[in-house]
Every structure is written in C-alpha cells, then in structure tokens.
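I opened my notebook to look a few things up, one entry at a time. Come along and follow each entry in the viewer.

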Amino acid sequence: MTLQLQHVTKKYKDFTAVNDLNFTIEKGEIFGLIGQNGAGKTTTFRMILDLQETTAGTITWDGQPVNTINRDILGYLPEERGIFPTMKVEEQLYFFGELRGMKRAELKKDIDFWIQRFELEEKRKDKAETLSKGNQQKVQLIASFIHKPKFLILDEPFSGLDPVNKDLLKDAILLLKEQGTTILFSSHQMDNVEELCDHLCLLKRGASLFSGSLLDLKKQYGKTKLAVRTGWSTTQLLALEGVKDVRVEKEQTVLMLEDERYAQSIFEQLSNGKYIEKFSLDYLSLDEIFKDKVGGNVVEV
Amino acid sequence: MSKFNLLMMQLYKSKFKSKSFILMTCLYVLLMSVAIFWSDIKALFTGEDEAQQIAIVNETSAELSGIFVSNGDIAFIQDEQDVAALEKRVEDGKLDAIVRVSDQEGQLHAEIATFVPLKLNDQTTLSSLLQYAGQHYAVQQLSLSPEQAAQIMSAQTIISTKNLNEASTGGKSEEEKQSGLWVSYGIGILIYFFISTFLSMITTEIASEKGSRAMEMLLASVKPATHFKAKIAGVLLLALTQMGIIVAAFLLYAKFVKDGVIWNAAATIIKELSISYVIYAVVFLLLTIILYLIVGALFGSLVSKVEEAGQVLMPAMMVTLIGFYVMLSGIGNPDTILIKVFSYIPFTSGMVMPMRIGATDIGGMVPMLSLGILIATIVVVYLFSLSFYKRSVLTYSTGGVIQKIKTVLKVTT
C-alpha cells in the first residue's frame, strides 16, 4: 500500500504549478507536504484525487494508476472549509459516510466515537452553519475519515484551530496512524509537521527542494545552531571563526555556524576553562530550514 | 444506495422540505382554486351591490319595453312620464339614472341623465341595449310585419368550410383552434413558471455547494459526471413532484367540485384537441425543462459563490422571457412568421410549438421536426456540459461570465 508520484508535472497555459515532482509514501506513515502558499500543494492533492489531470508523470497507489482505483479508499479534507450549511452535524457525517459506500448502521458507532472525542456531543443536532469555525472544521475533519479510508489527505488541517483543538487533532491523526491509515498532510505550521511527520517533501513554486526523512533533512544542515548565554558582545561573537550570523534573543544569543566542527573551539574561547551557564548545540528547527530553503538563498543539498 | 441516488435524494429531500418549494406549490394550487371558483368569489365580492335603478322614459310611439330587461346589475323602471319628478329622485339618490328615448329625424335619440356618473360596466351594458333598441326602432319605422322584423333582427350568416385538398382530413374548426389557443397559452405559462423556478433552483444549488466549498468534499468521493447527473435528476424529480401535486389537486377539484362540470369541460377540451396534442404538449414541457436544467447546472458550475448566480441566470431568463412574449403575441394571431421561427428554436419551442399544434393547421412533420431539433440540442448541450462541468466545477474565478469561461479554459487546458 504505497502512494508513488513519478515525474508528476502540471502545466497551465502560462505557468507551471507542479514541476517534476517525485515522492513515495509508505503504508502507515505520515507524510508532510510543505511549502508556501501557491507552492503547488493543493494542485498535487487534486491530482492524487483525480480531480485534476496531470500534464505528465504518473501517480500510482499500490502500483495502480490513481484514476482507476476505488475512490472510497481515499479520504480528503480540503483546505477551504466546506460542509452543508443547513444540514445537521450528525446527518452531515452520515451523508458523507454513506456517500463513501458505508451503511448507516456501520457508521453509527464511529460517528458516536468521534463526536464524543472531538467534544461535539452537544452540537450533534445543530445545523452546521450555527457552529463556530473551529467546530465546523472538526465536523469536516470527521467527515473526511468517517469511512475509514486507507489513505487520508489533509490540506492544512491545523489552520484556525486553538491549541486545545490542535492537540485533539494531533491525537486523532496519531490514532488513525495506529489503525493503519496512511496520511499525507500539508501545513505551514512547522511545529506540527515536525511532531507528526516521518517523511516530508519541501515544495517551492511547484518544484521539490527536498524529499525524504526529517532527520535526513536536518542532518544535511548539521548541528549548526548554537545557543549561548554570555557576556560577549555581538561584534565579538561575529569575529569568532566559523560564525555566520548572530541573533540576540531574550534569554540567550543564537549563533549560526558555518559547520558543526567550529563548535568546540568556540566553546573553549567562550568558557575559557570556566563555568558557562548555557552552551547548547542543536539541529536547525524545521521552521529555520524551511525559511532558509524557501526564502531565496537556496542552499544546494 | 448508489452515490447517484444518494446525491439525488439528498437534494430532493432538502428542497422538498424547503419553504420556497412548499410556498410555490401552495401558490399554484391556490391560483387554480381561484380560477375554478372564480364565479363564486366574484359573487362574494359583488353580490352585496344593489342593482342600479334606471328609469326609462319612452317618448316615442314604438314599443321598446321588451328590450330593457332588468338583471342583477340594473333594474329598469318602465313607463314613467314625469321627468321633473324623476330628476328630483335622481338628485335625492333614490334613482341612479334617467334614460329619455325620443325620436330625432327617424333615428332613436337617448339622453342619459345622472347625478353620479354610471359605472363603466353599467355604461357599457346600457350602450349596447340602446344600440339594439335603435336598430329595433329603425326596423319598426319601416312598417314591416312582426315576422319580417324578427327575421331582420335575428339575421345571422351560416358559415361552413369545405376542404378541397383530398389528401388531408381537413382543417380545424374555429372552436378547435380557439380551445387549442387557450390551452397552449396555459401550457406556455406553465412552462415559463416551471423553467424560472427550477432553472434558478439548480443554478443556486450548485453555486451554493461550490460557494460553501462542500463541492471539493463531494467530488473527492463522486465523479463530477455523477454529481452533474444527480443534480439534474434531483431537480427534475422535484419538478415532476410539483406537477403531480398540481394535477392531483386539479383532478380532485374536477371530480368532487361543482358536480363534475369541470371534469366534463376538461374532457371536451381534450377531445377537441386530440390525444396527440396532449402528448406533444407534455413531451415539449418535459424536454424544455430538461434542457434548461442542463444549462442551469452548467451555469451554476461557472460561478464561485451563490451571490453570483444571478449574473449567469440573467441570460437564460431573458431567453425564456423572449419565448414567453412570442407566445403571448400568438394569442392575437398564431400564424405569424415570428411564431413559426420561434417554434423551431429549442429554447423557446416548448412554449411556442404547442400553440402552433393546437391553434393552426400544420401537418405532422412540423412538430416532429421541432421535437427532433429539441432532442438533438439536448444531447449536444448535455455532452458539452458534462465535459465542461468537470473543468469548471472546481475552478474559482472572478469577473463576468465571459471572463469566467476564459479562466476555466485557461486553468484546465
């Protein structure tokens, strides 16, 4: 059960939305598709869902072209929030479940379970339009996987949710993973991606900048982020060998190193054989890698 | 249930329960009730009116009292002579008018004296009575025998038609054409109302699904073609339901109200029109609605949100209006070239062709040809819409209709 994209390209008359995209998602893993707005994430999803045709390349699920498989094994949460405004919450879930070929009786248990889990018990008889935006999103989310899809696509599932609901959603995603669902999701909130994803693909203007495991991506940059607490001035720190950039934060100063290997000599100079309050060398966060990769100065890897 | 049925029934149920559908259906039944009980309703409003009191002062020697017969609206007081006393009574409001009939050079002269002008309706009645009295008077002056006079007064031309074309079975009589005209008028109005209602229903339905972005959720599980067909079928089913309710209400009225007078009248009209006319009318009605539903679905897929639905509905509504007015023009004269042309155009033929079939003498080929054009158009429009719908239904764009079509073509080819 794998999803494979090979040389997938989507060209319109005057621009290319997706250019030669390649990645593979293994069964049961969570895969993140990351990029700025307009990077081609939604177009990619639509091509996987056969809502748009590819200009070139192939998309296969378990070796079968996606436009020949049974659509009911897929689940999709679109980026734009959309449910039937005048339909009751519970009816909405039954409707989408039945549309995916489930019987009402089969659906009841799952609907009860998820309604309770997402704290919608009091709203189940309410019309969707009377719900808050966050609650509508939860309803739509349940609707996207109520039929237990083998493969679930979530387009920006976290946007618009408060921290409590974000945690509910994260738990739900992990539970679905446990049950064997393969999940592809997009986000521009990197902390969520970092927490959930096994593998990811970085997109910039339709082209893939990186595709692989999160750790591999981080290793490419190495441990080049050094946080210290010291009396040295910014100018002094910048003068140190191997320091690319210095950023003063509230409680600490962050040095960006050209390479991991400079860290030891910097430690020796800063501590000078004495006690030092903070000296912490770490990988870059995904957020920083993303900004570095997408924000113009592309470091070739 | 298949996905098609599920989508269709979801649309059908939600619209069937909607206030607008219930109100519209009630309105149709109410209108029909008003038409059927019109005479009773009229009596209810006018029954309390007292008859106008009009005195006739006949100053000629001729016998005219047989002409001025009192009815519910006017009560005539005959053989009065004292004009001054009568005028006093008019001024007091006890009498509404005095009609003085006198001789003026062999012609009848009538003078109507009132204090408050007469109502239009009474004026018209009085004028025609006086006109008749004038002719009567003139005849009496010729000193003819009563039989001769009666013959002149009741003279009428007897008209019969003879068909010299042995190949055809002869044209329709005037009565047949008249009833054909009025029934076609009714059908035209029905088609017009049905199209307006259900065209905007399907367009706003699809536009609102697109606008609320439920469309993407739906299209992830059903193919656009299935969605398109289910929407058309759902609205069509609803239209049939509404027609069914109206027909059922009519049959109930016809059977149980006014001792079956309506039933008999309807049966006579259908007999006069022939069964093939009824079949044609129903087929044209259904096919025209289907054609407009396909177009409506396509239009709904073009707009980005429900607020923009009016923008695309306008052109289609204009076309129905044109058809409607062409049909109206046919009531005066159903044989014009205008009617002939529009009876072949697919979007208007449903309204115009039944009129030609019912009220003019045309062979069997003409309606068949028009029907053929309509069916061919439906097939072509359906196939085109189906392929275009797949591309337009997930494309969101701004601007006018032309701009939207351009955007669809640009981002999907």
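Before I start, a note to myself: UniProt positions are in the numbering used here, and annotations may be inferred rather than shown by experiment. I also keep in mind that this is a predicted model.

**Entry 1: the record for chain B.** I looked up "transmembrane region" in UniProt, and the unreviewed entry places this feature at several stretches of chain B, including residues 21–39, 182–207 and 312–331. I then checked two of these stretches in the model. Residues 182–207 of chain B are 100% helix, with the end C-alpha atoms 37 Å apart. Residues 312–331 of chain B are also 100% helix, and there the end C-alpha atoms are 31 Å apart.

**Entry 2: a sheet in chain B.** In which order do the strands of the open sheet lie? I read E2-E1-E3-E4, 4 strands with mixed pairing. At the edges I found strand E2 (74–77) and strand E4 (107–114) of chain B, each pairing on one side only. On average, neighbouring strands are turned by 25° against each other, direction ignored. Helix H4 (residues 83–91) of chain B packs on this sheet and touches E1, E3 and E4. I followed E1 and E3 of chain B next: they run parallel and are joined by 5 bridges. Ile56(B) has Val99(B) in E3(B) as its bridge partner.

**Entry 3: one residue in chain A.** I picked Phe95(A), which sits in helix H2 (residues 89–99) of chain A. Is Phe95(A) buried or exposed? Phe95(A) counts as buried because 21 C-beta neighbours lie inside 10 Å, and the cut-off for buried is 20 or more. Leaving out residues up to four places away in sequence, Phe95(A) touches Met87(A) and Gln10(B).

Methods: Residues are numbered from 1 along each chain as its sequence is written. Chains are lettered from A and ligands numbered from 1 in the order in which they are written. This is a predicted model: local features need pLDDT of at least 70, side-chain atom pairs count only at pLDDT 80 or more; totals for chains, interfaces and linings use all residues. Helices (H or I, at least four residues) and strands (E, at least two) are DSSP runs, numbered from the N terminus. A residue is buried if 20 or more other C-beta atoms lie within 10 Å of its own, exposed if 12 or fewer, and partly exposed in between; C-beta atoms are placed from the backbone. Two residues are in contact if their C-beta atoms, placed from the backbone, lie within 7 Å. Two strands pair if DSSP finds at least two bridges between them. Axes are lines fitted to C-alpha atoms, for helices over the stretch in contact, and angles run from 0 to 180 degrees between N-to-C directions.
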